[in-house]
Structures are given as structure tokens and as C-alpha cells.
Amino acid sequence: MFRGSHVRFEFRHCSTKDKGEKKLFGYSFVPLMQEDGRTLPDGTHELIIYKCEENTSLADCMRYLKLPFSKANLPSNNQTLKGTKESFWITSFLCSTKLTQNGDMLDLLKWRAHPERINDSLSKLKEIDGSEIVKFLQDTLDTLFGILDESSQRYSLKVFDSLVHIINLLQDSKFQHFKPVMDTYIESHFAGALSYRDLMKVLKWYMDRIVEAEHQDHIQQVLKASEYIFKYIIQSRRLFSLATGGQNEEEFRACIHELFMSICFFLSQENKGISPVAQTQAVFLRTFPAIYSELLKFFTVREVAGFVRETLASLPAVVQADSPLEAVKLQCISKTVESQLYINPESRCILLPVVLRVLQTCLQEQRDLVMCARIFTSMLSLIKKEENGIVEPAVSEEVELMVESLLGVLLRTILEISNRPQPAGPAMRLQFQDVTGEFVACLLALLRHMSDKHYQKLLQAFSSKDDLRDFLLHIFTVFRILIRPEMFPKDWTVMRLVTNNVIITTVLYLSDALRKNFLSDKFDYKVWDSYFYLSVIFINQPCLQLESFSPSKRKKILEKYGDMRVMMGCEIFSMWQNLGEHKLNFIPAMIGPFLEVTLVPQPDLRNVMIPIFHDMMDWEQRRSGNFKQVEAKLIDKLDSLMSEGKGDETYRELFNSIIPLFGPYPSLLKKIERETWRESGISLIATVTRLMERLLDYRDCMKLGEVDGKKIGCTVSLL
């Protein structure tokens, strides 16, 4: 189309006298395309001016196109034209998406015309400017695969290297927008049905030489291009299958398996520090997740999951701290978890163990916590219950594996990051908070998915009582951290309620383990104390004090969660009753905490908790013959708590009334009247009741701002 195209410049005489047609006296011309197909080079050109008669016709271009057009192109013996004084200079610049000025590019594209230049042309491809290559992207790719089809044995390695160069060229930000062009080429124009054999053969050849190779730079370039190499391999194989009805499929599968065996071998090499092989391993892991979608076009999800599992499992278990491999391994796991391969439940069950193993190691060593939290969050987001609340067996098994691998180490991680001193800088503080929040969310999500079966297997899995004891102490401590006021923003009421619901559900499961394993001769004070301490601060949380909410909000909370304070109070009473003679270990230490619970203005909770004091007095009477210790602690703590504004008239009546109260338990006074030590017990109740009356009067007086005389009277009564 462009051959013979040229620009002609005509020189005419312009006269002020003669108003007619301007008289032609000379012309110059410049062809736009050279004989070899290259376009006019960019730059300045000095053109020859040919003189002519006025009536000369230039309609027939062939008369002058055979003449030289530029002084630079004149033969050395042609001095006549070189010596003319007239000069005409032009500057040209090529702007085209189809034409080139590069001879090497043209030699490659016209490889059939000059087969002897193929080797040289392939070698020079890397020296050609990238903008020239992308301009002829489809033609260049057709050329490479054409050479491969016709002379695979001779040129397969050079064609492969050229393909790698082009693929990596498109990774450059300058040429990234040409990637869709290559994708379209692979899907719609690529016709190399036999190319997969040579591509796989050369790729495996490179993989097998990684460990011994002295220089890794070129191999790393090959691995960077592996996503598109696999695209070509799979598409080529699909074209071959369509053409032959699926011949040689077993041979192809065997080749892929052998290729992955080579990959696993080079990934399994342990390296000290930042070795070249470790860097090559890191390069491969960065691109590996992009290959999954290509493999899925030919293999089943279970087969691809098997390839990925074996590949990730082959990585060295122990990696040097300064190795680039460690961070990249987690990034690879993260991309794997976010891929379509992992989202599919059928393949997820195959990948889950290897992902959990990597996560467990990182959490145990407290490394890359931000990335670990991100991965774990992605994993948990895929676990869903059916609409009717039924959990599928496969999902239940996933939860079981996560609990077995990560629950213990997750608790230790939250304890570790919660006890760290917070970094000073605002950016570091933000990162610290983000990691804490994400791990807390992961823990709550995991516990919410646990069923009776999961708790049973968890508790049965502990090999010794010491391991179970450590687990219970860890989880009770973490729960105390979760209900700290500063854990969530003030207005996150729903999140706090969800957290409390998870805590009480878990505590109800674990209290059974506490009773079975740490009572009688195996009694462990520390675990029981941690349990009671958690229960008390749970009940006293501001977000559970429903009396402070509006009636509509209170109703919604009660409908969804019930009154969790009463549930926990019943559990405290039940656990206290199981203690038997071990109750003495908690007298008088638990009097203050339990008394604080009874001051919560919830009648059912008070009815449940106040009889515990009768029990304390009874056991103290048996041990010491009196309960002065209980009495002193009770009065001191009551004085302190009433002074803080806790307690009310109903609470005083609950202590004093002999009328049976609603609920399963009679008042404390009525219970005491049945005991042999009734006189001293009734005396204590009278003392406590009088003290509460005086304290309530004094508090009301101060609140209402009564006259000084009344204040003095109340103060004297109290004293």
C-alpha cells in the first residue's frame, strides 16, 4: 500500500505582474518507503532540486521516481548534482502504528524470505526498541510461533527466550496497556497447536538448571513470564485437542506432572541468607498464583489444588530471618486464599492444611502479623452456614481443622500484642490497633462457628491437664481483654453484644471441662479464680446494664440475646455449688466481687447470687466456728460500693425481708434462720441492713442538697 508513496515539492515563480498561473521551474521529491520496506528515517534530509521547463508534466511519477532524491544518496562520482547551489531541507518524523524504520524488525517479520537470517534476527530482537515490538505485536508473535512450528529443534530455545522478552516487556508500565492485545491474540488469533510441546520442554529445561546455575538473572526473567507461558501452553494444548479429538492427553498430563516435580525440587532447596536461588524461589512464588486460572482450563479443581498443595508444601519449613522468601511465601498464600481455586469448597479442603501450617508457623514466631490477619480473615469469610442454620459436613471439618491448628496460637498472639507497649508514632499505633482488631474479629468469628462437636474434639485433643489448664487460662484472659471498655469504640454496642454472646456461649462449654478436670484432688485454684474473675467483670460491663437503655432498645436486646447477666449469674451459682469444700479457698477473696454483682439492679440476678453469701457464712462457720472474716469483708466492701453510688432500697429489702422472694431461692435472712448459727447470722443481717439504710439516707441527702442540719444528722447516724 505504501510502496511508491512519496511527497513531491514543486517550485514555481510568482510574479506580481502576471496574475495567471504560477510558472513551474523546479521540483524535489522524497519516497516515504525504502526498497527494503523501511520507512523514511526520522531526521533532516537535504533534497535535490531538479530544474524543469514551465510546461513539463509531472503526472507520470515513474519518470522521476527512479532518480536520486537526496544529496546524501548520490553516488560519489555524480558531482554535477552535488555541486548545485540550490538546497532544500526537510525534517521528517514517523508517526505510525503499522510501519517501521527498524531493519532488524523487518528481517524478523520477513523470516521466510531470508531463512539464513533467522538466528541473527532472534538474537537482535532484545535490542529492538519496545515501542517497535508492541507496534507489531501480533505479527511478531505469529513470526515466533511460525518459526517454532517449522524449525522447533533448531530454534526452540531462542524462540522461547524471545517470547519471554516480549512478555516481560508488557510488564513495564509504559507498555502495560498492550496486555489485552496479547490476551486477545492468545484467545482469538494464536494457532500454534503444536507449540505446547516445545514450550513445556524448554520451561522444564530451565527449571532443572536453577539449582546449579551460576547466574540466575535470565532464569528469573523466565519465571516472571510464567503466567503467559502457561497461557500459551494451555491454549496450544486446547487447539491440539480440538484438532485431534483429544489425542496424547495422558502424555500432556505426564509432562505437566514432571514440570511440577522440577518446580517442587527447586523450591525445596534450603538456602542460607539472601542467596541467588532463594531470590529465584521468591520470583516464582510471586507469579505462581496467576497460573491457577490457566491450569483450571484443562484440569479439574481437585487436580489443580493437588499441584498447588504439593508446590507450597515443598517450600523449606525453616527459613532464615533475612531471607526474601518468607514474606513472599505469605503473599503467595494470601493470593491463593483469595483465588477462585480456594473459594471452591471441593479444592479448599485440599489446600486448607498447607495454608494452616504456614499460618501456624508465622503466628508461633510472631512474624508478619498484618499479612497473617489478612489471610485468616479471608479464610473465615468463606465459612457460611445454610439459611436454616445447618452446617455442611465439609464446612464443619474446615472449622475443626482451623480450631485444631490456630485457636491456641491465636489466643497467645492476642495476649502478646495486647501486652506490648504501644508504639509512639501515630502510623505505628494505627498498625498496632489494626492488627489487634483483625485478630479479635478472627477469634470471635472462629468461636461463633464452633459447635458442640468442635468443643468436644478441642477438649479431648489436649494431651495433658497442664495443656488444658494453660488453654483455659489463656482464653479466660483473652476474654477479659475483649470486654475492656477501650477494646471497641463507645458507640459499637452491637459489636460488644456479639462479643459478649460469643464469650458466654464459650464459657458455658468450658465450664464443664473445668468441673471435670480441676475439682476434687485435681483442684486448681488459679483456673477457678480466673473463671470467677471473668464472670464478675462480664456481669458488671456497662454495655450489659439494660436499665440504662431505652425501652425499645432493651426489648430488642432481650429478644435477640436475653439478659446475659442472669445467664452468667446462674452459671456462677452452679459452678460455686460444685466446688464443695474447695469453696473455702475463695473465702473471703470472692466476697467483694460477688457482692459487686449483687448490687446490679436486676432482681433475678440478685436472687441467684445472694444465697452464695449464706454458703460462705456456713463454710466459714464450719472452718473457724464464726464468720467474723466474712462479716468484716462484707461490711467493708458494702461501705465502699454504696459510697460509689451502687445499691438501692430493693437491695436492702432483699437482705432483710423474710417474705419469700420470686424465683427459686428464699431471702438470705430466711435461709439463715434455719441454721444452728442463726443468732449471729441474723445479727449480721441486721448490721448490714442498718448500714445500708444509713448509707442510702446519707447518699440521698447529699444528692438532694439538704440543709446542713439534715446532713449532720445523717453523718452522725452513719458513724
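Visitor: What should I keep in mind before we start?
Guide: This is a predicted model, in which local features need pLDDT of at least 70 and side-chain atom pairs count only at pLDDT 80 or more, while totals for chains, interfaces and linings use all residues. Residues are numbered from 1 along each chain as its sequence is written, and side-chain values use heavy atoms, with hydrogens and water left out.

Visitor: What makes E1 and E2 a pair of strands?
Guide: Two strands pair if DSSP finds at least two bridges between them, strands being DSSP runs of E with at least two residues, and helices runs of H or I with at least four, numbered from the N terminus. E1 and E2 (residues 23-31) share 8 bridges in the antiparallel sense, so they pair by that rule.

Visitor: Why are E1 and E4 called edge strands?
Guide: The open sheet has 3 strands in the order E1-E2-E4, with antiparallel pairing. Strand E1 (6-13) and strand E4 (50-51) each pair on one side only, and they are the edge strands.

Visitor: How do you know that Arg12 and Glu10 form a salt bridge?
Guide: A salt bridge is a side-chain nitrogen of Lys or Arg within 4 Å of a carboxyl oxygen of Asp or Glu. For Arg12 and Glu10 the N to O distance is 3.0 Å, so the pair qualifies.

Visitor: And why is Arg12 called partly exposed?
Guide: Buried means under 20% relative accessible area, exposed over 50%, and partly exposed in between, using a 1.4 Å probe and protein chains only. Arg12 has 34%, so it belongs in the in-between class. Glu10 is also partly exposed, at 34%.

Visitor: What makes Glu338 and Arg374 a link between distant parts of the chain?
Guide: The closest N and O atoms of their salt bridge are 3.2 Å apart. Glu338 lies in the loop between helix H16 (325-337) and helix H17 (340-343), whereas Arg374 is in helix H19 (residues 369-381), 36 residues apart. Glu338 is partly exposed at 38%, and Arg374 is partly exposed at 40%.

Visitor: Why does the pair Arg469 and Asp470 count as a salt bridge?
Guide: Their closest N and O atoms are 3.9 Å apart, so the distance is within the cut-off. Arg469 is partly exposed at 22%, as is Asp470 at 36%.

Visitor: How many salt bridges are there in the whole structure?
Guide: The search finds 25. Glu187, Lys231, Glu294 and Lys297 are linked in a network of them.
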